[in-house]
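Subject: Two-chain model, handover and notes

Hello,

Please find the structure below. My notes on it follow.

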There are 2 protein chains.
Amino acid sequence: MNEFMKIALDEARLGINADHGGPFGAVVVRNDQLISKAHNEVLKLNDPTAHAEILAIRRASSTLNTFDLSDCEIYCTSEPCPMCFSAIYWARIKKLYYGTSRNDVSAIGFDDAHIYEIIRGQRTETDQMETLSIDRDGCLEILQEWHAKPSRKLY
Amino acid sequence: MNEFMKIALDEARLGINADHGGPFGAVVVRNDQLISKAHNEVLKLNDPTAHAEILAIRRASSTLNTFDLSDCEIYCTSEPCPMCFSAIYWARIKKLYYGTSRNDVSAIGFDDAHIYEIIRGQRTETDQMETLSIDRDGCLEILQEWHAKPSRKLY
């Protein structure tokens, strides 16, 4: 097994032994050096966003003092859910290694594949969540205000 | 304008005036009462996951002491990116109101629509991020280990 995936897997085991959340671990690596590691802490922290990948990214960004992790790679014991996949993309991470698939994770009861299907338009989302667009005009102003600002910074 | 969307918009303005990040705000509401509010803090916190919706969810979960926000609604000044959309789904929030669309946000330079297209399979992701599956068998064990645990808890 890849040495970094092994660390991610050890994190996952640590998390389930401590009842911190789901059986998932992730590590961020730069130049073959471990930068951060994390396991799912949704239950421990009462935070639905505390997936292993999100925590590993937040810790790596904190350690490296930048939101731009474009010189990093991430190892995840399972295929990231769409939240984490997008977070990895926002962090500009160049390479994602994952172990088990969204379907493997689905098979033990998690919603990863379900949310992928909603985003892909293969499912209606009305089974759990209703989505409505309101007040677009009012909200458009703030985008234009930001865009007109000379000091604006993209991330 | 809806009163809660107005609060989210005020948050967005506060964030851009302070150079905390992008022009986005979000609030979580329960029984017509404001539970949490947030604006994008990616630049302030050096955290690529610090979108307004993620912070609003984390604050609401912290305040209500639960990862389950199924009795809550969320108001977002822009359509959530896939990271935030999925976070809202994981939080079990029942209703999502948003102002501007992913295309409005794309027009001022953000990657939201781009990431949606990748997840929807409408774009190859090799322009920024490579994805590889490795060590599935080793990682599968931990899923089975968790699934066999009587005290396991889904979220």
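A definition first: two strands count as paired if DSSP finds at least two bridges between them. The model is predicted, and everything below should be read with that in mind.

Strand 1 (residues 25-30) and strand 2 of chain A meet this condition, pairing in the antiparallel sense over six bridges. Within strand 2 of chain A, A:Ser36 is the bridge partner of A:Val28, and A:Ala38 is the bridge partner of A:Ala26. The hairpin made by these two strands has two residues between them, and A:Asn31 takes a positive phi there, near 45 degrees. As for burial, five of the seven residues in strand 2 of chain A are buried, which leaves the strand mostly covered.

Five strands form an open sheet of mixed pairing, in the order 2(A)-1(A)-3(A)-4(A)-5(B). Strand 2 (33-39) of chain A and strand 5 (130-133) of chain B stand at the edges; each has a single partner strand, so one side of each lacks a neighbour in the sheet. On average, neighbouring strands of this sheet are turned by 15 degrees against each other, direction ignored.

One of the bridge pairs joins A:Ser133 to B:Tyr98 in strand 4 of chain B.

On the interface: 77 residues of chain A and 76 residues of chain B take part in the contact. On the side of chain B that touches chain A, helix 7 (residues 136-147) of chain B gives the most, with nine residues. That side of chain B divides into 40 nonpolar, 21 polar and 15 charged residues.

Two loop residues of chain A, neither of them glycine, also have positive phi values. Which loop holds A:Asn65? A:Asn65 sits between helix 3 (52-64) and strand 3 (72-78) of chain A, and its phi is near 60 degrees. A:Asn65 has 7 C-beta neighbours inside 10 Å and therefore counts as exposed. A:Asp135, in the loop between strand 5 and helix 7 (136-147) of chain A, has a phi near 50 degrees. Is A:Asp135 buried or exposed? A:Asp135 is buried, because 20 other C-beta atoms lie within 10 Å, and 20 or more is the cut-off for a buried residue.

Regards

Methods. Residues are numbered from 1 along each chain as its sequence is written. Chains are lettered from A and ligands numbered from 1 in the order in which they are written. This is a predicted model: local features need pLDDT of at least 70, side-chain atom pairs count only at pLDDT 80 or more; totals for chains, interfaces and linings use all residues. Two residues are in contact if their C-beta atoms, placed from the backbone, lie within 7 Å. Helices (H or I, at least four residues) and strands (E, at least two) are DSSP runs, numbered from the N terminus. Ala, Val, Leu, Ile, Met, Phe, Trp, Tyr, Cys and Pro count as nonpolar, Asp, Glu, Lys and Arg as charged, and the others, Gly among them, as polar. Axes are lines fitted to C-alpha atoms, for helices over the stretch in contact, and angles run from 0 to 180 degrees between N-to-C directions. A residue is buried if 20 or more other C-beta atoms lie within 10 Å of its own, exposed if 12 or fewer, and partly exposed in between; C-beta atoms are placed from the backbone.
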